[in-house]
Amino acid sequence: MAFFITSSPHTHTRRKTPDVMKWVAITALPGLLAQVYFFGWGTLVQLILGIALALIMEFVVAVLRKRAPGSMLNDYSAIVTAWLLAVAIPPLAPWWMITIGLLFAIIVAKQLYGGLGQNPFNPAMIGYIVLLIAFPLQMTSWLPPMSLSSNHSSVLDAIKVIFTGYNGAGLSVQQLRLGVDGVTMATPLDTIKTSLHAGLSLHDALSKPQFGAIAGIGWQWVNIAYLIGGMVLLKLKVIQWHIPVTVIAGLVLSSFVGHLLSPETISSPVIHLFSGATMLGAFFIATDPVTASTTIKGRLIFGLFIGVMIFIIRTWGGFPDGVAFAVLLGNMGVPLIDYYTKPRTYGH
């Protein structure tokens, strides 16, 4: 047997990287299906387009770096990156947006740092943040849930809108965003933030038609679907409980205190948990083994920090959903967290 000396951290698992990536994609299927059901076929089109582009980019980089393309493509990390970005952007965002996002995610955030295992930041979130800052209008053009939409699009319509800007009936994305009452609809978190800035109370915001019994119509079920997928990941021990549990705990505790102190301006923990990308971020993004903390205590601190930052950004920041920013801020702090939480040397 060969004896290999490698640098830490050392992870002991019988699963190889392709197996882990496959399980991440499989357990993300319920969330994907929920998004397609409530917000149309655009997300599925974005996913297929994103996977194709990510594989092409990985292949080109492998050739330029004079490495075997097969070894880079077979780890399925590019597919997971494309998957996370595709479900994070609006379903009918133009094709060039996911292209730009993947250029930054695959080439800049991942390959320029040396490839898988060397990147300090979550690639999908880098791509998302670049798009959000550079193209805020397109990135906030989410469709209303199908039950509240005045226009229903087929798969062909979604393809046409993504590649041409108009569906078969000649309607643009802005026209497709109209609800049954003829008013352009926004995401629940965006609706809350806009209403509060307009001087309305939280109760007034929650009385709008896009809110259901738990949180936003559609969004509550999307989060429940990702929660189910995340629980399967925990059951299979693909991920450990430390990060997702502390992300949720940090968000719940901070929002509980905030809502207790100011119930008319700060959303309750239930709204925060089942809105936006909360469950996707807690189970599928923050748990990235490359960019997350590597120590037990470090993971607890890392997850708690992300949960609190999500609440802070959502409540007082300029963007309605703070998952991507919170994760990247957490990535920045990983070296410091790991340094101060490293276990004592055996025999010390």
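Predicted model: local features only at pLDDT ≥ 70, side-chain atom pairs only at ≥ 80, totals over all residues.
**View A. Helix α1 (residues 17-27) and helix α13 come within 9 Å of each other, axis to axis, and cross at roughly 150°.** At that angle, α1 is roughly antiparallel to α13. The crossing of α1 past α13 is right-handed. Residues are numbered from 1 along each chain as its sequence is written, and side-chain values use heavy atoms, with hydrogens and water left out.

Terms for this view: helices are DSSP runs of H or I with at least four residues, numbered from the N terminus. Axes are lines fitted to C-alpha atoms over the stretch in contact, and angles run from 0 to 180 degrees between N-to-C directions. Under 35 degrees is roughly parallel, over 145 roughly antiparallel, 65 to 115 roughly perpendicular, and the rest oblique. A crossing is right-handed if the near helix is turned clockwise from the far one by less than a right angle, and left-handed if anticlockwise. Contact means heavy atoms within 4.5 Å.

**View B. Helix α3 crosses helix α9 (residues 155-164) at roughly 60°.** Their axes come within 9 Å. The angle makes α3 oblique to α9. Here α3 passes α9 in a right-handed crossing. On the α3 side, the contact is made by G42, V45, Q46 and L49. On the α9 side, it is made by A158, I159, I162 and F163.

**View C. Helix α2 has seven buried residues: G31, L32, A34, Q35, V36, F38 and F39.** Buried means under 20% relative accessible area, exposed means over 50%, and partly exposed lies in between (1.4 Å probe, protein chains only). What covers these residues of α2? The cover includes α3 (42-64), α5 (77-88) and α13. After α2 comes G40, with a positive phi near 95°.

**View D. Aromatic rings pair up in this model.** Rings of Phe, Tyr and Trp (its six-membered ring) pair if their centres lie within 6.5 Å; planes under 30 degrees apart are stacked, over 60 edge-to-face, and the rest tilted. By this rule, there are 9 aromatic pairs. One of them joins F39 and W219 in a tilted arrangement, with 5.0 Å centre to centre and 45° between the planes. F39 lies in α2 (residues 29-39) and W219 in α13 (residues 219-235), so the pair ties together parts that are 180 residues apart in sequence. F39 is buried, at 2% relative accessibility. W219 is buried too, at 10%.

The pair F311 and W316 is edge-to-face, with 5.6 Å centre to centre and 80° between the planes. W316 is exposed, at 59%. Ring pairs also link F39, W142 and W219 into a cluster.

**View E. N331 sits in helix α18 (residues 323-341).** The residue is buried, at 4% relative accessibility.

**View F. G298 lies in helix α17 (residues 296-316).** G298 is buried, with a relative accessible area of 0%. Which residues does G298 touch, not counting residues up to four places away in sequence? They are S293, I337 and T341. F284 is 14 residues from G298 along the chain, and their C-alpha atoms are separated by 18 Å.

**View G. Helix α11 (residues 188-197) is mostly covered.** Of its 10 residues, 7 are buried. They are P188, L189, D190, T191, I192, K193 and S195. Against what do these residues of α11 pack? The partners are α12 (202-206), α13, α15 (269-273) and α17. G199 follows α11, and its phi is positive, near 95°.

Terms used: Helix = DSSP H or I, 4+ residues; strand = E, 2+ residues; numbered from the N terminus.
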